[in-house]
Amino acid sequence: MLKPVTLICMLLITAGNILHFDWRRHKNTPADAASVTMSPANPLIEKDQSGQYLNFDINIKNTSTHTLYLANIEGSVMDASVKPIFRQSVSVNGQASGIRSVGNTLLKPGESIDIFNPFYALAPDVKITFLQYEFFFDYADSPQQRASNKKRLPVDFDLSVKKIIVPRAFTPNNFFDLPLKGKVIVQDGHNPGQGGGPVGAVEPPLKSVVSKANRYAFNLASSDENGNMYQGDPFKKENWYVFGKPVYAPAGGTVADLQSGVPDNEFKGKSASLPRIPPDTDPFGMGNYVIIDHGNGQFSMLQHLEQGSIIVRIGEMVRPGQQVARVGFSGNATFPHLHYAVMSSQKAQSAEGIPSYFENYKLYKGKSFASIKQGRIDSGDIVASEK
């Protein structure tokens with residue numbers, strides 16, 4: 001016999017999109033007015049002493065004949081009795097930061113937007129059985145409607161779509177070494193900076209996020225003692241402390257794939273200038289990279305490496321901490337840095353990202369630091385390997 005909470009979750013999941021309407025004003029609203037898809041459908045819950053983190057994307061498609069304005073998003077954490085523990089929202093209600101932080105939320109018929117989960121972090125003591133998200137839309141077919149919508153309260157809407165999400169707790173079964181030595185700034189991590197794009201961008205019809213190898217990726221940059229990532233003119237790649245730094249294998253494994261012949265970018269004025277190369281040389285903008293198979297369905301991707309710096313071969317066994325290359329400025333990068341991700345296969349275009357947790361590193365807090373035996377890092381952290 002199914003447990004009550006399991007039965008509840010199954011019923012909620014099979015319900016799919018649950019549409020609600022303001023029947024006082026719109027009695028003939030089509031049943032397919034909007035669709036909402038979460039990717040992944042059952043997101044992972046990462047947890048540390050500071051909080052819980054849910055990294056997933058929301059794809060919203062306007063399947064109606066109306067132009068829709070996304071006016072409000074509500075997210076609730078529900079307990080096993082289907083009662084809310086607490087509720088958050090982003091809306092137009094008084095604050096410029098609200099729904100506008102999502103980006104473009106005006107959808108013409110057939111258009112879609114991808115949004116990073118706006119309620120990314122939760123308190124560490126919240127027990128999550130499932131999440132309930134509701135999306136509220138106003139019709140915006142004419143300038144008059146759009147002007148009128150600005151005066152409407154969040155409880156006054158034309159259409160809403162409710163989604164039920166049942167996340168899964170993530171437990172790391174492997175801990176990695178930092179791939180750079182010295183003091184490192186995590187520029188982008190497990191949050192909207194790295195894993196969340198595009199945010200509020202209008203996408204072509206039918207486009208949705210199927211997989212994302214970079215969901216838990218990091219952009220790592222070396223720094224000096226004062227937190228500076230470069231010295232002198234930042235528009236010279238050699239002035240970035242990370243440029244040319246050795247890159248080390250974060251764990252043992254086999255080199256599954258690599259690319260080494262892409263020229264490094266240069267700065268042209270104050271913009272990064274990509275080299276002229278045949279379109280099939282680097283079609284995905286990965287630049288030079290090394291992918292290491294660690295077994296158990298985990299692959300490390302080390303990206304934006306310096307041209308000609310890779311010193312390992314495909315099929316070669318590497319040990320933890322072995323140098324494999326140097327940091328460069330190749331591929332789709334606007335400044336020198338190391339892009340690091342753990343993913344589910346060696347094909348970045350079809351792989352799903354996997355959270356990566358690290359061991360034996362220092363976490364700096366100003367002049368002081370904490371020695372971390374095992375833990376997660378995220379955007380804004382300043383860390384250094386103790387190995």
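Leaving aside neighbours within four places in sequence, which residues is asparagine 288 in contact with? In this predicted model, the partners are Gln259, Ser260, Gly261 and Val262, then Leu302, Gln303, His304, Leu305, Glu306 and Gln307, and also Ser330. Asparagine 288 itself belongs to strand β22, which spans residues 288-295. With a relative accessibility of 0%, under the 20% cut-off, asparagine 288 therefore counts as buried.

The protein chain has 30 strands and three helices. Of its 387 residues, 51% are buried. When contacts between residues at least 6 apart in sequence are considered, 73% join residues at least 24 apart. The accessible surface amounts to about 18,000 Å², and carbon and sulfur atoms account for 53% of that area.

Attention can now turn to the second largest pocket, which holds about 230 Å³ of space. Its lining is made up of 13 residues, with Asp48, Gln49, Tyr361, Leu363 and Arg376 lying nearest the centre. Two or more lining residues come from each of the strands β28 (357-365) and β29 (368-375), and β29 gives the most, with three residues. Sorted by class, the lining of this pocket comprises five nonpolar, four polar and four charged residues.

Conventions
Residues numbered from 1 in each chain as written. Predicted model: local features only at pLDDT ≥ 70, side-chain atom pairs only at ≥ 80, totals over all residues. Heavy atoms only, no water. 1 Å grid on protein atoms, 1.4 Å probe; cavity = no way out; pocket = protein on both sides within 12 Å on 5 of 7 lines; lining within 4 Å. Points joined across faces, edges and corners; volume = space filled by probe spheres on them. Helix = DSSP H or I, 4+ residues; strand = E, 2+ residues; numbered from the N terminus. Nonpolar A, V, L, I, M, F, W, Y, C, P; charged D, E, K, R; others polar. Buried < 20%, exposed > 50% of the residue type's maximum accessible area, 1.4 Å probe, protein only. Contact = heavy atoms within 4.5 Å. Areas by Shrake-Rupley, 256 points an atom, 1.4 Å probe, with all protein chains shown as cover.
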